[in-house]
Amino acid sequence: MPSSADNGRLSYLAPSPEDCAAIEATLAGDRHAFEKLVVKYQRPLYAVLRRLVRQHEDADDLLQECFVRAYRHLGDFDLTRPFYPWLHRIAVNLAITFLRRQAWQRPTSELDIFPSAEEEPNQAVESSEFFLALEQAIRRLPVEQRTVLLLRTREDMSYRAMSKMLGIEIGTVMSRLARAREKLRSALRPFLDARSRKLKTRAAPE
């Protein structure tokens, strides 16, 4: 049985009479009508942006820019279509542009990676080192590969959706994703080998 969250997501994928009314009122000059759309969609859009760009301040800035872009181009929106996917596309395109511009050149101290409180001290250190290495490896990926990797792993987008959004063939999406994963595996090989050795040691009879 679908959860309430699933039902909420599905409702965003169908045209909404309330959205259409708010859009028409906005186009007629009622700015307060657009605020209803902001209130309705700001939380799911923020979640999308936060997963992609990681930092709250960046996601918040992009969220504001998303609604500014949407307001400016509202006359281009097809009222027969659902509004949220249109907003989502604007938000993701902004995030992609941001990632290309920034190239993830942040100090490692700003990465929001913390070991689990339930882990033992040695495990916590190893975990934090692994995820730090992972984030650094992601940053070093070419932007085309990094983009498809983030859209796939943090936004759970399908190959077809990525192909349409980025304007490339599905095969190109798949090859970029495969190359990105292979580079990450290569960069993280020392950690993976060390983990494999530990598992073998634990499994060995005393």
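Reader: Before I get lost, what does "buried" mean here?
Author: Buried means under 20% relative accessible area, exposed means over 50%, and partly exposed is in between, using a 1.4 Å probe and protein chains only. Take C66: with a relative accessible area of 0%, C66 is buried.

Reader: And what kind of model am I looking at?
Author: A predicted one, where local features need pLDDT of at least 70 and side-chain atom pairs count only at pLDDT 80 or more, while totals for chains, interfaces and linings use all residues. Residues are numbered from 1 along each chain as its sequence is written, and side-chain values use heavy atoms, with hydrogens and water left out.

Reader: OK, big picture. How many helices and strands does the protein chain have?
Author: Ten helices and zero strands. Both are DSSP runs numbered from the N terminus: helices are H or I with at least four residues, strands are E with at least two. Reading along the sequence, you get α-α-α-α-α-α-α-α-α-α.

Reader: How much of the chain is buried?
Author: 36% of the 206 residues of the protein chain count as buried.

Reader: Let's zoom in on α4. How far does it reach?
Author: Helix α4 covers residues 56–72, so to speak a run of 17 residues, and spans 24 Å from its first C-alpha to its last. That is close to the 24 Å expected at 1.5 Å a residue, where the expected span is 1.5 Å times one less than the number of residues.

Reader: Which residues in α4 are buried?
Author: D58, A59, L62, L63, C66, F67 and A70. They sit on the same side of α4, because they cover an arc of only 165° around the axis. The arc is that of the directions from the helix axis to the C-beta atoms.

Reader: What's on the face turned away from the buried side of α4?
Author: That face carries the exposed residues D61 and R72.

Reader: Switching to the core. Which residues touch the most other members of the largest nonpolar core?
Author: Y41, L45, L52, F83 and L87, out of 49 residues in that core. The elements that give two or more residues to this core are α2 (17–27), α3 (31–53), α4, α5 (83–102), α6 (121–140), α7 (143–153), α8 (159–166) and α9 (170–187). Helix α5 gives the most, with twelve residues. A nonpolar core, by the way, is a set of buried Ala, Val, Leu, Ile, Met, Phe, Trp, Tyr and Cys residues joined through side-chain atoms within 4.5 Å.

Reader: Why would nonpolar side chains be buried together?
Author: In soluble globular proteins, that is what nonpolar side chains tend to do.

Reader: What does L87 touch?
Author: Leaving aside neighbours within four places in sequence, L87 is in contact with Y41, L45, C66, F67 and A70. Contact means heavy atoms within 4.5 Å.

Reader: And M165, where is that?
Author: M165 is in helix α8, and at 16% relative accessibility M165 counts as buried. With neighbours within four places in sequence left out, M165 is in contact with H88, R89, V92, N93 and M157. The C-alpha atoms of M165 and N93 are 7.9 Å apart, though the two are 72 residues apart along the chain.

Reader: How many salt bridges, then?
Author: Six. Each is a side-chain nitrogen of Lys or Arg within 4 Å of a carboxyl oxygen of Asp or Glu. K40 pairs with D19, their closest N and O atoms being 3.0 Å apart. K40 lies in helix α3 and D19 in helix α2, so this pair ties together parts 21 residues apart in sequence. D19 is buried at 4%, whereas K40 is partly exposed at 34%.

Reader: What does R51 pair with?
Author: The side chain of R51 meets E155 in a salt bridge, 2.8 Å from N to O. R51 is in helix α3 and E155 is in the loop between α7 and α8, 104 residues apart.
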